[in-house]
Amino acid sequence: DGADIAYRIRKGRDPLVLLHGLGCDASMWDGVVAALPSDVALVIPELRGHGASTLGYRAPSVDQWADDVVRLLELNKIEAPAIAGLSMGGYTAFGIAEWHPGLARAFAFISTSAAPDDQAGRLRRAAGIATIRREGWRRFAAAMTPNLLNPDGPQFPSHSKHLVAMFEHAGDWGLPTALMALAARPDRRESLPTIAVPSIVIVGEVDLLTPVDKAKEIAAGIPGAQLHVLPKIAHLSAMEAPSEG
C-alpha cells in the first residue's frame with residue numbers, strides 16, 4: 001500500500017526477529033544485539049510510522065504490522081525464526097502467532113499483554129493523541145518516559161536521551177496512528193493455547209504499563225511457557241537489562 005518498511009538484517013544461524021515498542025526503532029535492541037553471539041542471524045524491522053519506515057495509505061493496525069514482518073521474512077527467505085516482541089512488538093508477535101501458525105520456531109513475549117485496551121486504556125491513548133496534537137511529540141515523550149524506564153536505574157539519563165532520539169523519528173505523525181492501532185488491537189487471550197512452540201514471557205518487576213500480572217496471564221495461557229521476572233527493571237527491559245531474560 002505504498003509503505004516503505006526499514007529494517008536491519010544480519011545473516012547467520014538460528015534467525016531471530018526483534019520487534020520494538022511504541023515510539024522506538026531498531027536501535028532499541030542495540031544492547032541485546034551486543035549481548036548475542038555474533039553469528040546469530042537477525043531481522044530487526046522498524047514498524048510503520050517508526051524509525052525510517054513510512055506509512056502507506058491505510059492506517060496502521062497490529063495485524064498489518066504482523067503482515068509487514070511476515071512479508072520481510074519471505075522477501076529475505078528467512079525460515080523458522082524465533083520472534084521476540086516488546087510491548088507493541090509483543091502485540092505484533094501475537095498477530096503473527098495467530099495468523100501464521102507454524103511460522104516461528106519460538107516466541108519471546110516481553111513487557112506486553114494479550115488483553116486488549118479497556119475503555120480507560122483507550123481514553124489514555126486518546127489523551128496521548130491530544131497531547132501530541134496540541135503540544136507536540138516531545139511533551140508526549142516526556143510524560144511517557146517515567147512509565148517506560150525506571151527513574152532510579154543507573155542508566156536512566158542515557159536511556160532517556162536515547163528514548164527521545166527514537167521518539168523523534170516517529171514524531172507527530174507516526175505516534176498518533178500507532179496509538180490508534182494499539183487502542184483498536186484485538187483480544188489475543190483465547191488464542192494463547194494454540195501457540196505450540198517454546199515460548200518465554202519476560203517482564204520487569206517495576207513495569208508500570210504491563211505489570212507482572214499481565215505476564216502471568218500470558219504464561220498461564222501458553223502451554224509450557226516460562227515466565228521470567230527481572231528485578232528492578234521497568235517496561236523497556238531490552239534497554240535496561242539487555243543480557244538478561
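**A look inside the cavities**

Author: Happy to! This is a predicted model, in which local features need pLDDT of at least 70, side-chain atom pairs count only at pLDDT 80 or more, and totals for chains, interfaces and linings use all residues. Residues are numbered from 1 along each chain as its sequence is written, and side-chain values use heavy atoms, with hydrogens and water left out.

A cavity here is a set of points, on a 1 Å grid over the protein atoms alone, where a 1.4 Å probe fits but cannot get out; lining residues have an atom within 4 Å of a point. Grid points are joined across faces, edges and corners, and a volume is the space filled by probe spheres set on the points.

Two cavities of 30 Å³ or more are present. The largest has a volume of about 40 Å³, and its lining is made by Val62, Tyr91, Phe94, Ser113, Ala114, Arg185, Pro186 and Arg188. Five of these lining residues are nonpolar, one is polar and two are charged. In this scheme Ala, Val, Leu, Ile, Met, Phe, Trp, Tyr, Cys and Pro count as nonpolar, Asp, Glu, Lys and Arg as charged, and the others, Gly among them, as polar.

The second largest cavity has a volume of about 30 Å³. Around it sit Ile5, Pro45, Glu46, Leu47, Arg48, Trp65, Asp68, Val69 and Leu72. Six residues of this lining are nonpolar and three are charged, with no polar ones. Helix 2 (residues 62-75) gives the largest share of the lining, four residues; helices are DSSP runs (H or I, at least four residues), numbered from the N terminus.

Methods:
On a 1 Å grid over the protein atoms alone, a cavity is a set of points where a 1.4 Å probe fits but cannot get out, and a pocket is an open set with protein on both sides within 12 Å along at least five of seven lines; lining residues have an atom within 4 Å of a point. Helices (H or I, at least four residues) and strands (E, at least two) are DSSP runs, numbered from the N terminus.
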